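Visitor: I'd like to learn how to read a structure feature by feature. Could you walk me through one?

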Amino acid sequence: MPSLNEMDIKYLPGVGPKRAELLARELNIRSYRDMLYYFPYKYIDRSKTYHIAEITGSMPYIQLKGRITAYTTQGEGARRRLIATFSDGTGTIELVWFKGIKYITERYKTGVEYTLFGKPTLFNGRYNIAHPEIDLADDIIDRSIGLQAYYSTTERMRNAFLNSRTLHKMIYTLWHSIPGQLEETLTPAIIERCHLMGINDALYYIHFPRHVEDLRRAQMRLKFEELFYLQLHLLRYARLRNRHIGGHVFAHIGQYFNRFYHEILPFDLTEAQKKVLREIRADVGSGRQMNRLLQGDVGSGKTMVALMTALMAIDNGYQACIMAPTEILATQHYESIAQWLAPLGLRTELLTGSRRRSERKPILGGLETGEVNLLIGTHALLEEEVVFENLGMVIIDEQHRFGVAQRAKLWKKNTVPPHVLVMTATPIPRTLAMTVYGDLDVSIIDELPPGRKPVHTLLQYDNRRANLYASLRRQLQQGRQVYIVYPLIEESEKSDMKNLVAGYDTVCANFPEYNVCMVHGKMKPAEKEEQMQRFVKGEAHIMVATTVIEVGVNVPNATVMVIENAERFGLAQLHQLRGRVGRGADQSYCILMSRYDLTQETRKRLEIMVETNDGFRIAEADMRMRGPGDMEGTQQSGIAFDLRIANLARDGQILQLARDVASAIVQEDELLERPANYVLRRELARNYAKTVNWGQIS
Ligand code: ADP
Ligand code: MG
């Protein structure tokens with residue numbers, strides 16, 4: 001028998017060239033295998049058939065069995081509708097169609113027994129069902145059915161009468177046209193260890209479950225398989241890369257690191273910071289290139305880790321660079337770091353897009369000769385003209401603004417690639433990190449420096465604005481500064497801009513005795529910079545801004561963050577914004593302003609912000625509510641996220657199991673050369689052949 005992969009779907013009875021084309025275009029289904037792996041998105045229990053006499057108000061979808069006794073049409077033109085009287089001996093109910101009238105009357109004959117499926121609604125004192133699903137009562141599938149599978153279809157497909165039901169029948173036909181058993185896709189050892197259903201049963205029951213237990217086991221098996229191969233792929237990739245790509249060895253901790261630690265560092269490192277520095281130390285001493293992701297909440301002290309990591313490189317005769325996503329952030333890093341490093345006699349430079357030619361020249365020169373030890377900057381670091389003498393360490397702050405491609409660009413600057421430390425303050429739930437950053441090692445700073453007062457968060461409705469202004473005034477009177485942030489989302493830019501400007505005017509009118517500055521993304525960089533600086537220097541007391549301040553500014557004296565239309569922000573973004581305050585010794589506040597009439601989901605989201613300051617908890621909640629595809633930080637990860645059945649938000653345990661099993665296999669048999677692992681190699685090639693560019697890693 002040819003493999004299911006090679007069997008063209010157009011030869012399946014009931015498909016043909018036209019439908020095959022539609023399936024390929026709309027669902028990417030081309031082979032028998034594609035079809036079997038097109039999984040239902042929901043199931044409805046059809047094991048029970050109701051009598052019409054039993055129908056009561058507010059029933060969900062139900063199944064009836066009976067005959068159409070008559071058709072009539074009512075209304076004219078666009079309001080024309082078809083009404084059928086349907087009877088099962090216990091009573092009658094009306095079926096209603098608003099379109100496809102000709103098709104229905106030709107297809108469903110009066111007097112023939114049908115199984116009907118739909119949701120009864122009460123209209124003018126009588127029950128009716130609009131656009132029911134109808135099948136012959138003795139239809140072959142129905143006899144075996146307990147749970148009815150539902151498949152996503154597209155508008156185009158439905159217009160061509162290729163609906164969920166038709167797909168289901170095609171899969172049924174397909175199943176019965178395959179002789180014998182399907183080829184197993186996991187090893188017997190894995191199946192036994194994880195108590196999994198065999199592939200043959202799993203693929204049958206995922207489409208035709210008799211009851212919930214069948215379905216649960218089939219889902220478990222297929223989710224495991226999907227996550228397992230993803231993990232196997234990522235772990236193997238990481239391992240092979242590690243083997244191929246040597247790294248500079250930083251053999252010792254030298255005088256710069258030690259002097260900084262003992263003479264300059266103004267505080268004790270937190271235990272979490274120390275732990276991460278030890279992990280980095282181990283990486284850079286190993287002879288392999290480090291690729292590490294450092295996750296830590298806003299304010300957890302990542303900059304210090306970055307700086308001390310750079311010192312490890314410098315101690316061993318290498319240069320280091322720190323790349324930040326915005327000019328302001330790069331400048332702030334530069335200002336604090338240069339000042340710390342100056343007493344050590346080290347040269348730190350700042351390179352951003354706005355530096356003039358004449359300023360660049362000496363910097364670029366110093367980089368080539370090795371006189372510049374540490375370069376801090378923005379994307380400008382990626383330009384061709386930036387050439388290091390000996391770059392040993394690349395630190396990237398706020399990963400989600402840089403894609404993988406850009407990371408790779410920095411590699412190209414050396415024959416031996418530098419070590420890479422990526423830092424992010426957008427915490428990613430563990431399950432997601434394992435998948436998105438499966439090729440990176442992950443460190444976590446899960447502790448804030450001592451003495452921080454957690455930001456106090458409140459939810460206030462728009463009608464309490466007078467109250468809000470009164471509390472802002474109290475803070476301002478104590479010499480504190482205030483941020484007021486407005487949403488600005490691309491599609492609705494115009495009205496958002498109007499809101500922002502109106503907000504600015506209102507604030508100016510309400511606080512005539514204070515200086516107000518305004519910052520938004522549409523400003524010229526120089527103007528933006530000037531407004532920001534007014535706030536940083538304390539000349540402006542209130543900053544009205546859009547989310548451009550999300551990453552960046554560090555003003556410890558700012559203690560209040562007001563977020564207008566908070567309901568329009570995502571959780572991760574709210575958390576980032578809140579991180580702008582709480583940086584000094586004073587109690588800080590975050591006030592979420594929203595409309596009163598929120599949906600339940602939005603209210604829940606905002607309440608999570610009120611309840612916790614823990615970025616990881618927020619990230620988990622965000623993922624549960626929005627799904628992993630929408631998470632910030634995943635889009636640019638470079639890993640395709642088209643999981644068919646597993647759900648990262650819900651299937652964390654299966655993912656962990658899959659990762660453990662994959663990891664054990666890679667440890668023992670990295671190249672999957674053992675005969676027992678042949679199956680794994682074959683499936684891996686089948687699943688990931690197209691996505692891996694092995695050339696890239698050697
Ligand atoms: P992140 O980049 O992780 O958001 P930062 O590196 O900007 O956080 O650190 C926030 C503040 O905490 C800075 O002012 C920094 O100097 C300070 N800080 C960092 N580590 C410690 C520590 N161990 N003890 C006290 N303060 C610290
Ligand atoms: Mg930072």
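Visitor: How many disulfides does a search of the whole structure find?

Guide: A disulfide is a pair of cysteine sulfur atoms within 2.5 Å. Here the search of the whole structure finds zero. Take Cys508: the closest cysteine sulfur, in Cys517, is 9.8 Å from its own sulfur, too far for a bond. Before going on, some ground rules: this is a predicted model, where local features need pLDDT of at least 70 and side-chain atom pairs count only at pLDDT 80 or more, while totals for chains, interfaces and linings use all residues. Residues are numbered from 1 along each chain as its sequence is written, chains are lettered from A and ligands numbered from 1 in the order in which they are written, and side-chain values use heavy atoms, with hydrogens and water left out.

Visitor: Is Cys508 buried, exposed or partly exposed?

Guide: Buried means under 20% relative accessible area, exposed over 50%, and partly exposed in between (1.4 Å probe, protein chains only). Cys508, at 26%, is partly exposed. Cys321, with a relative accessible area of 0%, is buried.

Visitor: Let's turn to the ligand. Which residues come nearest to ligand 1?

Guide: A residue is near a molecule if one of its heavy atoms lies within 4 Å of it. There are 15 residues around ligand 1, and Asp268, Gly299, Lys302, Thr303 and Arg452 come nearest. By type, the shell divides into four nonpolar, six polar and five charged residues. For that sorting, Ala, Val, Leu, Ile, Met, Phe, Trp, Tyr, Cys and Pro count as nonpolar, Asp, Glu, Lys and Arg as charged, and the others, Gly among them, as polar.

Visitor: Now charges. How many salt bridges does the structure hold?

Guide: A salt bridge is a side-chain nitrogen of Lys or Arg within 4 Å of a carboxyl oxygen of Asp or Glu. The structure holds 36. One of them joins Lys102 and Glu106, at 3.5 Å from N to O.

Visitor: Where do Lys102 and Glu106 sit relative to each other?

Guide: Helices (H or I, at least four residues) and strands (E, at least two) are DSSP runs, numbered from the N terminus. Lys102 and Glu106 are four residues apart in helix H3 (residues 101-107), so about one helical turn separates them. Lys102 is exposed at 61%, while Glu106 is partly exposed at 47%.

Visitor: What about the pair Lys169 and Asp135: which parts does it tie together?

Guide: Their salt bridge has its closest N and O atoms 3.0 Å apart. Lys169 lies in helix H6 (residues 164-177) and Asp135 in strand S8 (residues 133-136), so the pair links parts that are 34 residues apart in sequence. Lys169 is partly exposed at 27%, whereas Asp135 is buried at 6%.

Visitor: And which residues do salt bridges with shared partners join into one network?

Guide: Start with Arg686 and Glu683, which form a salt bridge with closest N and O atoms 2.9 Å apart. They are three residues apart in helix H24 (residues 678-688), about one helical turn. Arg686 is partly exposed at 25% and Glu683 is buried at 0%. Shared partners join Arg33, Glu183, Arg682, Glu683 and Arg686 into one network.

Visitor: Last one: what does the side chain of His248 contact?

Guide: The side chain of Tyr318, through a polar contact of 3.3 Å. His248 is found in the loop between helix H9 (212-244) and helix H10 (255-264), and counts as buried at 9%.

Terms used
Polar contact = N/O pair within 3.5 Å; in protein donor to acceptor, adjacent residues only side chain to side chain.
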